[in-house]
Amino acid sequence: MSAQKLINLDYAAGKPVDPRVKEVMLPYLEKSFGNPSSLHHLGQEAKTAISQARKQVAELINAEKPENIIFTSGATESNNLAIKGLVNRYKDQGTKILTSKVEHMSIVNPIKYLTTKGFESILIPVDKYGVLDLKALDKEVDEKTVLVTITYANSELGTIEPIKEISRIVHEKNKILHVDATAAAGQVPIDVQDLGIDALTISSNDMYGPKGVGALYVREGLRIEPLLHGGGQEKGLRSGTENIPGIVGFGKAAEISKQEMQTNIIKLTKLRDRLIEGLVNSLPYTYLNGHPTNRLPDNVSVRYSFVEGESILLSLDVDGVLVSSGSACASKTLEPSHVLLATGLKHEEAHGSIMFTLSRESCTEDIEYVIGLMPNIINRLRDMSPLTPKELKK
């Protein structure tokens, strides 16, 4: 990389740990290293720390009580625990699992696995913005349905789903709703009681906490089968000695996110909208992916006709700008994103997409720098592309 300045606009792949989070974690890496299952004072210190973190995470999403929060190793485990744990517990009530066509791979692959065990999977379509088709959902929820699992906000498109309407449809037929809020929790307000969410996946690192920690909210009275069996930690739903430093950091990150959410929403929305305007208006055949307004404050996903997202990514990297061409968890394949294809894009259109994700550290100067870079990059790539019309080439 030749540039001196590094501008990270790929925060969906991972966020830095907030210094305030790191500060509260340090004692549990050094002196307060007790096992919360121990009866002596070191163990009780750890147990108290977990209780405090559980309370902080519960307050972020307005859970009925802290005990409804189950700590895990991250969003992938939480999604697996929710999906496998719920369908196995309630399989006598049905074997049909409903989800959308734009889910993360940590939803897609557990469901694929369950189809090998006798469960049926139905993928509900979305519109051009990635918004779930509510009529199709209503039609599919029936007596055979055991679980509906839908993302709160899509990490690639930025689109926020109509969760309250989805919840109404699901609960009118007395079915269970799991929501993957990995990309949304800490970014936008979430009230599980008001929205009628039965189970909710949350990630620490997506709100400036440490990696390797997540949580699953489980509504009071809802039963779930554990994936891990052992010492019975986390109400028997997640056995294994708890990651005390990580959990403590997660709790602090949740607390900070709740306190500073509105300020961050205002700041990031302003930067987001300026970036969208600057990118889309600077070049022809440039389009915004996802919903134009009902989207996460930190997400900008655009597509450029006649070029590939990977080429744009590498060109930006040379200039010191880090971005993504889609979900980091799906970056090992060169296939176009299933999320983008589900919105009706053709393969070549999906291939031209690039995703910018902002953070608390993003600033106006960074946004303007990127806006200024893009015309030269795209024009150069279009000049080399055999797909570009002659009138667009220099």
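1. Helix α10 passes helix α13 in a right-handed crossing. Helices are DSSP runs of H or I with at least four residues, numbered from the N terminus. This is a predicted model: local features need pLDDT of at least 70, side-chain atom pairs count only at pLDDT 80 or more, and totals for chains, interfaces and linings use all residues. Residues are numbered from 1 along each chain as its sequence is written, and side-chain values use heavy atoms, with hydrogens and water left out.

2. Helix α10 covers residues 309–318 and packs against α13 at an angle of about 130°, with the axes 10 Å apart. Axes are lines fitted to C-alpha atoms, for helices over the stretch in contact, and angles run from 0 to 180 degrees between N-to-C directions. The angle makes α10 oblique to α13. Angles under 35 degrees count as roughly parallel, over 145 as roughly antiparallel, 65 to 115 as roughly perpendicular, and the rest as oblique.

3. Which residues meet in this pair? Contact means heavy atoms within 4.5 Å. Seven of the contact residues are nonpolar, two polar and one charged. Nonpolar covers Ala, Val, Leu, Ile, Met, Phe, Trp, Tyr, Cys and Pro; charged covers Asp, Glu, Lys and Arg; the others, Gly among them, are polar.

4. Helix α13 (residues 364–384) also meets helix α9 (residues 244–282), where the axes come within 9 Å and cross at roughly 10°. That makes α9 roughly parallel to α13. On the α9 side, the contact includes Leu271, Arg274 and Leu275; on the α13 side, it includes Ile367, Glu368 and Met374. The contact residues divide into eight nonpolar, three polar and two charged.

5. Helix α4 (residues 75–89) and helix α5 (residues 105–115) have axes that come within 9 Å and cross at roughly 35°. The crossing is right-handed. Among the residues in contact are Asn79, Ile83 and Val87 of α4, with Ile107, Pro110 and Leu114 of α5. Seven residues of this contact are nonpolar, four polar and one charged.

6. The protein is divided into domain 1 (7–14 + 261–384) and domain 2 (19–257). These bounds come from an automatic or database domain assignment. The C-alpha centres of the two domains lie 28 Å apart.

7. How many residues of domain 1 are in contact with domain 2? The count is 29, against 34 residues of domain 2. The domains bury about 2,600 Å² between them, 59% of it on carbon and sulfur atoms. Buried area is the accessible area (1.4 Å probe) that two parts lose on being put together, summed over both. Met261, Leu296 and Arg360 supply 27% of the area that domain 1 buries against domain 2, more than any other three residues.

Notes: Helices (H or I, at least four residues) and strands (E, at least two) are DSSP runs, numbered from the N terminus. A crossing is left-handed if the near helix is turned anticlockwise from the far one by less than a right angle, and right-handed if clockwise.
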